[in-house]
Amino acid sequence: MSVLPGSCLSGNVRIAVRGDPKRIGICHCTDCRQESGSAFTYFAILLRVGWGAACTTHR
Ligand SMILES: [Zn+2]
């Protein structure tokens with residue numbers, strides 16, 4: 001089983017997900033273009049179980 005690391009844009013919140021995504025893709029909607037500052041953004045749909053988050057600003 002794979003572990004996928006990730007974080008928010010500032011790096012203050014880090015996540016780790018166990019297991020494979022149920023679906024991955026890209027979105028070209030206005031919100032995603034604005035959020036990413038590009039023509040599209042990537043997303044993944046994951047099971048609720050198997051992930052955890054940690055805030056690195058409040059250690
Ligand atoms: Zn979108």
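Trainee: Over how many bridges do S2 and S5 pair?

Mentor: This is a predicted model: local features need pLDDT of at least 70, side-chain atom pairs count only at pLDDT 80 or more, and totals for chains, interfaces and linings use all residues. Residues are numbered from 1 along each chain as its sequence is written. Two strands pair if DSSP finds at least two bridges between them. S2 and S5 run in the antiparallel sense, and their bridges number five.

Trainee: Which residue of S5 stands opposite alanine 16?

Mentor: Alanine 16 belongs to S2, where it is the bridge partner of proline 5. Its opposite residue in S5 is glycine 52.

Trainee: And which residue of S5 faces arginine 14?

Mentor: Strand S5 covers residues 51–55. The residue opposite arginine 14 is alanine 54.

Trainee: What is the strand order in the open sheet?

Mentor: S1 and S2 (residues 13–18) pair over five bridges, antiparallel. S2 and S5 also pair in the antiparallel sense. The three strands form an open sheet in the order S1-S2-S5.

Trainee: Which strands stand at the edges, and why is one side of each without a neighbour in the sheet?

Mentor: An edge strand here has a single partner strand, so one of its sides is left without a neighbour in the sheet. That applies to S1 (3–7) and S5.

Trainee: By how much are neighbouring strands of this sheet turned against each other?

Mentor: Axes are lines fitted to C-alpha atoms, for helices over the stretch in contact, and angles run from 0 to 180 degrees between N-to-C directions. For this sheet, with direction ignored, the average turn is 15°.

Trainee: Which residue in the turn of the S1–S2 hairpin has a positive phi?

Mentor: The hairpin leaves five residues between its strands. Leucine 9 has its place in that loop. The positive phi, about 85°, belongs to glycine 11.

Trainee: Is leucine 9 buried or exposed?

Mentor: A residue is buried with 20 or more other C-beta atoms within 10 Å of its own, exposed with 12 or fewer, and partly exposed in between; C-beta atoms are placed from the backbone. Leucine 9 has 8 within 10 Å, so it is exposed.

Trainee: How many residues of S5 are buried?

Mentor: Across the 59 residues of the protein chain, 0% count as buried. S5 has five residues and lies largely in the open, because the number buried is zero.

Trainee: What pattern does the protein chain follow along the sequence?

Mentor: Helices (H or I, at least four residues) and strands (E, at least two) are DSSP runs, numbered from the N terminus. The chain has one helix and five strands. Their pattern is β-β-β-α-β-β.

Trainee: What is the radius of gyration of the protein chain?

Mentor: It is taken over C-alpha atoms, and the globule rule is 2.2 Å times the number of residues to the power 0.38. That rule gives 10 Å for 59 residues. The chain is well over that, so it is more spread out than a compact globule, at 13 Å.

Trainee: Which element has the lowest mean pLDDT?

Mentor: pLDDT is the predictor's confidence in each residue, from 0 to 100. The chain mean is 83, and 92% of residues reach 70 or more. Strand S3 (residues 23–27) has the highest element mean, 94. The lowest, 71, belongs to strand S5.
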